[in-house]
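Hi,

Here is the model I promised to pass on.

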Amino acid sequence: MIRFILRRCAIGLVLVWIVLTLIFLALHLVPGDPAALLLGGEGSGTPTPEALAQVRERLGLNDPFLVQYWNYLSGLFQGNLGTSFRDGSAVAGFIATRLPNTLELVLVASLLALVVGIPLGALAARRGGAVDTGISLLTAIGLAVPVYVIGTVMVLVFALTLRWFPAGGYVAFTEDPVGHLSRLVLPSIAIAMGITAVLARMTRSSVIETMGQDWVRTARSVGLARSQVFQGHVMRNSLNPVVTSFGLEVGALIGSTVLIERVFNWPGLGSLLIDAVLQRDYPIVQGVVIVVSVLFILINIVVDVSYGLLDPRVRQS
Amino acid sequence: MNTPNPDEIPTVVSDLTPSGKTPLVDSRPPAPNRLRSSLTPLRVVAAVFIFVIVLATILADWIGLPDPVTQDIVNKLLPIGSPGHPLGTDQFGRDLLSRLVFGARVELVVALSATAIAVVIGTLLGLAGGFYGRWVETVTMRSVDVILAFPPIILALLVVTIYGPGLITLIAVMGLLFAPAYARLTYGQVVTVRNFEYVEASQVFGATKRRTLLGVVLPNVAAPIIVQLPLTLAGAILLESGLSFLGLGVVPPTPSWGLMVADGQRFMIANPEQILLPSVVIALTILSFGLVGDVLRDWLDPRRAMARNY
């Protein structure tokens with residue numbers, strides 16, 4: 001098991017290095033002058049030579065290529081993600097203040113999806129009939145409605161019309177616990193919706209498959225109660241594919257969070273990223289992309305390792 | 001986004017062609033009764049819905065719709081059922097029906113182009129990696145791993161920052177993002193198929209590797225690829241409309257469903273239909289593509305269909 005974890009981490013490290021290099025190359029291998037490209041765009045006119053020189057200076061574009069690469073990587077190791085184009089403050093500082101908010105949202109949404117999705121799928125598989133059809137319909141809708149539409153409609157219904165929750169924004173938990181939590185409800189439900197549907201569908205098909213196994217019939221004929229077989233054996237044996245599908249959905253989860261932070265004005269990495277893209281503040285975009293991509297790789301390692309813990313066969317492969 | 005689970009990838013050919021009597025190419029036509037039996041009423045409705053959208057998109061210029069971009073401030077925020085504007089107008093007095101239809105054109109063009117790029121690149125990578133093995137396999141499949149190491153929307157936003165928003169950027173980045181699914185799907189299939197007798201036979205008969213790959217292997221691994229197409233189209237529409245909603249996809253005033261939802265936000269208490277109309281259309285479109293995908297799956301990929309439906 002230790003070897004499995006170590007090997008998975010080693011692969012992860014290599015992947016991190018490749019990803020960091022690609023992010024570096026994304027700007028530096030573009031045809032033409034990257035500075036001109038960053039300053040160009042809709043309705044911004046021709047950039048002045050001074051502005052171009054300033055951007056080149058700030059991104060270190062005047063140095064030889066390998067020196068730039070070295071500075072980039074060694075800077076990253078020291079936690080230096082560069083400075084914002086707009087006010088010159090450190091990108092790492094922005095990210096440090098925003099990251100906890102995003103993690104909170106993602107964690108609550110994931111928990112919500114697991115707590116609702118798995119029982120929902122199990123229920124559909126066990127009951128069948130109208131319950132199954134109803135849940136299938138719900139999950140189909142959950143998958144088809146884009147997350148930003150869910151968020152926007154939630155704002156319209158639960159915030160603006162019914163006034164049950166605030167329409168968005170953020171207050172620190174330490175200042176106003178109730179206000180903080182009430183602002184967390186709608187965005188986390190919106191994010192959880194899609195992944196709940198995926199988990200419910202996966203659980204359903206996995207449980208149905210497990211219930212068809214011979215050993216389930218054996219367990220029943222030995223005299224175990226239906227609920228005993230189900231809770232003690234069927235569920236346990238059905239959860240592997242569910243964990244896998246959760247791992248595959250992490251990318252979508254991050255995408256949903258970016259959109260939902262925008263809808264609810266939640267001050268996380270997603271809204272920081274969108275603002276930076278809109279203002280073409282490249283150092284911030286690059287910093288957020290680096291942090292989120294590395295986190296993404298880490299999460300995938302955790303999912304793989306937990307999969308290995310659940311299923312010994314995985315460790316060997 | 002629908003990434004195929006490697007465990008789910010079916011081994012179609014191994015089950016369709018019992019060894020010993022393997023034909024060179026599995027040339028049996030897809031059974032027509034399987035198509036008919038896969039068509040439930042709901043799925044037919046979905047197919048018709050997509051057909052109507054495609055038709056409206058093609059004919060948009062000739063069915064007498066007002067221009068979707070020209071502003072008409074006098075007639076702004078008209079309700080549904082107003083004369084001349086059956087679905088009302090937005091805050092600039094632009095006809096909502098017209099914007100929905102021309103928005104559909106943008107969605108479909110982007111989704112189709114991105115999917116075409118993804119299928120071609122992904123399938124070629126998967127074919128090459130699965131068939132040639134060794135360093136080709138390493139290069140192709142590891143580069144696919146690298147693309148998958150980025151959360152999709154994050155990669156898209158990085159590219160948009162450098163190149164600026166616009167249709168070409170969107171299509172290129174989404175083609176790149178959706179290619180890995182096809183590469184892995186094809187690769188998994190090819191690895192199974194490449195050791196079958198009919199592939200060997202083709203080689204023995206003197207076919208070149210490329211001919212064997214494209215003429216013998218490809219037709220035998222095509223079914224799951226085709227089944228995946230509607231799902232990718234749906235995924236592309238979801239992602240495109242999401243980026244446009246953020247203001248980073250289609251550049252205004254070009255109509256796009258995601259942009260329409262974003263535009264409607266400011267007036268949604270008084271004019272909820274302005275966000276609800278595009279929302280419903282997006283959801284129905286995604287749902288319909290999913291249902292059409294089910295039809296293709298039951299029709300072309302019966303083993304997987306059984307695995308799903310039990």
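In chain B, 72% of the contacts with a separation of 6 or more are between residues 24 or more positions apart, where a contact means two C-beta atoms, placed from the backbone, within 7 Å. This is a predicted model, so local features need pLDDT of at least 70 and side-chain atom pairs count only at pLDDT 80 or more, while totals for chains, interfaces and linings use all residues. Residues are numbered from 1 along each chain as its sequence is written, and chains are lettered from A and ligands numbered from 1 in the order in which they are written.

Chain B has 12 helices and 0 strands (DSSP runs numbered from the N terminus: H or I of at least four residues for helices, E of at least two for strands). Of its 310 residues, 47% count as buried, meaning 20 or more other C-beta atoms within 10 Å of the residue's own; 12 or fewer makes it exposed, and anything in between partly exposed.

Of its 37 residues, 26 are buried. Gly133(B) follows helix 4, with a positive phi near 65°.

Helix 4 of chain B also packs against helix 9 of chain B: the axes come within 8 Å and cross at roughly 145° (lines fitted to C-alpha atoms over the stretch in contact, angles running from 0 to 180 degrees between N-to-C directions). The residues that meet include Ala111(B), Ala118(B) and Leu127(B) from helix 4 and Leu218(B), Ile225(B) and Leu233(B) from helix 9. By class, that contact has 15 nonpolar, 4 polar and 2 charged residues (Ala, Val, Leu, Ile, Met, Phe, Trp, Tyr, Cys and Pro are nonpolar; Asp, Glu, Lys and Arg charged; the others, Gly among them, polar).

On to the interface: 39 residues of chain B are in contact with 47 residues of chain A. Helix 6 of chain B gives the most to chain B's side, with 8 residues. That side has 27 nonpolar, 10 polar and 2 charged residues.

Two spots in chain A deserve a look. Most residues other than glycine have a negative phi. Arg163(A), however, has a positive phi near 60°, and sits in the loop between helix 7 and helix 8 of chain A. Arg280(A) has a positive phi near 50°, in the loop between helix 11 and helix 12 of chain A.

Cheers
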